[in-house]
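Hi everyone, thanks for coming. Let me put the structure up, and then I'll walk you through a couple of its elements.

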Amino acid sequence: MSDSGADARYSALHKLDSPASRLIRDTIWSREDDIGQQSFITPRYIDGLITRLGIDSGSRVLDVGSGVGGPAIYIAQAAGCQVSGIEINQVGVEVAQELAASSGLGDRVSFHLADAMEMPLDDGAVDVAVSLNVMNVFEDKVKLFTEVRRVVEPGGIWAFLSGTFDGLTKLDRAGLSRNGLVPIHYDSLGGYRAKLQTAGFRIEEITEYVADFGVQLRRWAEAYRTHLDQIADEQGEKAAELHLGYFDTYVRLIDEGKAANHLVISRRPTGA
Ligand SMILES: C[S@@+](CC[C@H](N)C(=O)[O-])C[C@H]1O[C@@H](n2cnc3c(N)ncnc32)[C@H](O)[C@@H]1O
């Protein structure tokens, strides 16, 4: 994977132990809640997800857009199952592999440097696919969902947590865009429903996860505001300001009811 453009910017975000990252993470998470997530998810939320999705020691789980591997490793440890992560950023995969090696999980977790649009996995390779705060990077969601459907065995589950947007103005979009620093392709809940059905999934449950999400989002905004100078030293002034503008816009949109965060659980029908 080339280390240019959006990929290089993700690399900066994935250096978990850089001085600015440490400041950001220590503002957002208590040490016990910091599992190496690059998202708005808490360990408590993952515990509930494991139960809801019926993940147990026999499960083969896929994490789409696994970042630096924190949530994937947490799932493998908590459920005793196998987890594969697919991640497009090389630094993300390298950090994930280091975290996996130090967590002593052996070959129960593996991380692949790949585009989720074309995963290096066999048909029906997993029972459960999850994805945590990644969906907005994909422009062609039907194509992504079709690829996920290929690697999930018939009867298997596809569950993703994602921001959902409705009624955005031009100004709202500009605030979220970060000038293309990180790709963002908005979708409404209705859009997700239609695209999942087109890709051959049957929707089982949709849950709003906005309360805790709003709390996390405010913490990300606070962390960027508090440590803006140190973040600018590492990521550049423009990037630091764009990230802060994004978090502030997102918080406002939640307050205005134009943005939320949803867990969408669907199933690949058996015999299809
Ligand atoms: C907001 S982070 C979330 C990471 C992880 N799910 C977590 O909860 O910590 C989004 C991740 O998606 C990855 N990503 C972006 N485009 C991707 C693609 N086409 N295929 C796989 N991963 C991708 C990014 O590199 C980044 O690590």
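**Around helix α4**

The cover over the buried residues of α4 includes α3 (43-53), β1, β2 (82-87), α5 (90-102), β3 (109-113) and β4. Contact here means C-beta atoms, placed from the backbone, within 7 Å. Before we go on, this is a predicted model: local features need pLDDT of at least 70, side-chain atom pairs count only at pLDDT 80 or more, and totals for chains, interfaces and linings use all residues. Residues are numbered from 1 along each chain as its sequence is written. Helices (H or I, at least four residues) and strands (E, at least two) are DSSP runs, numbered from the N terminus.

I call a residue buried if 20 or more other C-beta atoms lie within 10 Å of its own, exposed if 12 or fewer, and partly exposed in between, with C-beta atoms placed from the backbone. So how does α4 (residues 70-79) do? Eight of its ten residues are buried, so the helix is largely enclosed by the rest of the structure. Among them are Gly70, Pro71, Tyr74 and Ala79.

Which strands pair with β4? Strand β1 (residues 60-64) does, in the parallel sense over three bridges, and Leu62 has Ala129 as its bridge partner. Strand β5 (residues 152-165) also pairs with β4 in the parallel sense, over six bridges; pairing takes at least two DSSP bridges. There, Val126 sits opposite Val152.

Key. Two residues are in contact if their C-beta atoms, placed from the backbone, lie within 7 Å.
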